[in-house]
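Try each task before you read its solution.

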Amino acid sequence: MAEGGAMPEDGARREGMEVAQRSEGARGAGMERMEVARGAGMEVAQRPGADRGEPGLRVLVNARLATLAGGDGPRRGRAMRDVGLVEDGVVVIRGESIAFAGPRAEAERLGWLAGGRRLRDAAAAGMAGGGAAADGEGGEGSGPGGIDILDVGGRLVTPGLVDPHTHLVHAGSREDELAQKLAGVPYLQILRRGGGILSTVRATRAASEEELVAKARRTLARMLEHGTTTVEAKSGYGLDAETELKQLRVMRRLNEVQPVEVVPTFLGPHAVPPEYRDRTGAFLDEMVAVAARARAEGLAEFADIFCEAGVFSVEESRRFLSACRRLGLGVKIHADEIHPLGGAELAAELGAVTVDHAVASTRDGLRRCADAGVIAVLLPGTTWNLGHARHADARFLMDEAGAAVALATDYNPGSCPCESLQLVMAFAANLLRMTPEEILCAVTRNAAYAAGRGRTVGRLEPGWQADVVVWDTDSLAYIPYHFGVNHVHMVFKRGRQVVIRRTGEEGRA
Ligand code: IZC
Ligand code: ZN
């Protein structure tokens with residue numbers, strides 16, 4: 001059964017929302033006047049004229065900005081509360097990049113608003129800011145080199161969200177395991193019975209590359225609607241060379257056909273497949289060989305392993321990750337999700353980029369991670385969905401260890417089938433006791449570093465990619481406070497408007 005019984009959806013056409021996809025999607029009702037540019041294999045809707053000659057300028061005015069700008073590296077501990085708030089802010093987008101983000105007075109002094117043509121207020125126009133609105137206003141000066149000024153009506157404007165831990169590419173779904181979960185069968189017990197990850201492995205091995213691309217595109221379109229413009233994605237539903245490489249090739253293809261940037265991670269050791277039962281060592285040898293191929297073909301940037309009781313031990317994880325590090329891959333680790341094996345200590349020892357989950361980790365392990373500059377990627381959607389009483393100790397990480405914390409969905413068909421980082425933001429407030437400022441930092445700047453993209457995305461700062469979310473509220477706290485709905489008003493990816501909501505005032509504070 002495809003898609004867990006859900007109707008197949010066209011990612012570009014969902015109620016009240018337009019997501020720019022490829023040309024066939026962009027031709028839907030209401031998108032006729034939006035041009036589709038053909039870049040290097042990528043087709044996304046963008047403003048007319050922006051792909052001809054000198055890039056045009058788009059200036060967002062009347063914005064409450066959270067820039068997350070300044071300095072280097074992820075923010076740690078208390079510094080996570082500094083989101084760089086700017087009242088009456090302006091963002092200047094030039095081509096694919098941010099040229100300016102700061103106070104209006106400074107933008108005026110620098111001449112960014114001179115000669116601009118004011119578009120209608122974003123809310124009033126509904127579709128404003130897209131190519132359609134630029135045409136609709138009919139003014140001159142909107143062609144190449146022109147300046148379009150878009151009044152966002154005092155809305156909050158942040159960097160595009162970054163989801164630094166997902167199991168994006170897979171086939172099938174696992175709602176048939178819900179009854180077992182509700183009957184109290186633990187997650188690892190379902191796996192031991194040959195279900196869980198192994199059920200998704202069977203479906204993914206049987207799926208074609210095209211089927212995997214199609215399903216992941218729908219997922220990415222949904223993520224984009226919810227404000228996510230960059231995702232880290234793990235393989236790990238092949239557990240053999242052919243299928244693992246197939247998943248990684250799917251990620252490469254996704255980067256060519258839709259706007260959300262996908263950062264590929266090789267997670268070959270996600271479980272021990274039945275054909276290697278009681279031969280874990282031989283399986284890991286095979287996975288190191290696959291990692292070498294993936295690295296040689298430029299198909300993976302990171303390596304990851306599920307270090308967990310009954311899956312892979314700390315010693316096995318050390319062996320695999322050390323070999324991958326020697327291959328030049330960045331290191332990530334699923335550590336101490338359920339049992340305190342010592343995964344956090346291993347992450348610190350190896351100088352991992354991230355330690356993920358870190359729910360059952362010892363305080364000493366968390367401290368060592370913080371000291372080693374390992375970013376803690378916390379996944380409260382997962383502990384919530386598994387019904388666990390214990391959640392990651394974000395307060396200890398930030399207040400006492402001085403760690404950099406990032407948040408992710410863990411999107412996967414088992415422990416967290418959820419694309420919305422906004423919902424994870426609500427869980428972070430309620431379950432991890434994080435403040436709205438810490439939460440925003442954890443899904444933008446810190447998440448960007450966790451995904452290996454800290455130098456290009458995650459902040460509104462000159463030179464960074466113009467990945468921008470305009471929210472349907474002026475209040476940062478409103479997003480984790482009002483949960484379960486989508487507060488996105490507009491999304492820009494690399495300067496192109498890729499989500500336009502028609503819902504206007506709905507959801508505003
Ligand atoms: O498919 O269950 N925890 N890996 C480790 C997962 C969850 C994904 C899954
Ligand atoms: Zn995971």
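**Exercise 1: the end of a helix**

Find what comes after α16: Arg-433 follows, with a positive phi near 55°. This is a predicted model, in which local features need pLDDT of at least 70, side-chain atom pairs count only at pLDDT 80 or more, and totals for chains, interfaces and linings use all residues. Residues are numbered from 1 along each chain as its sequence is written, while chains are lettered from A and ligands numbered from 1 in the order in which they are written.

Now decide how many residues of α16 are buried.

Solution. Step one: locate α16 at residues 421-432. Helices are DSSP runs of H or I, at least four residues, and strands are runs of E, at least two, numbered from the N terminus. Step two: apply the cut-off; a buried residue has 20 or more other C-beta atoms within 10 Å of its own, with C-beta atoms placed from the backbone. Step three: count. 10 of the 12 residues are buried. Among them are Leu-421, Phe-427 and Leu-432.

**Exercise 2: partners of β9**

Name the residues that pair with Ile-149.

Solution. Step one: take β5 (residues 57-66), which pairs with β9 (residues 147-151) in the parallel sense over 5 bridges. Pairing needs at least two DSSP bridges. Val-59 stands opposite Ile-149. Step two: take β8 (residues 117-118), joined to β9 by 2 bridges and also parallel. There, Arg-118 has Ile-149 as its bridge partner.

**Exercise 3: confidence**

Which average pLDDT does the chain have?

Solution. pLDDT is the predictor's confidence in each residue, from 0 to 100. The chain averages 87, and 83% of the residues score at least 70.
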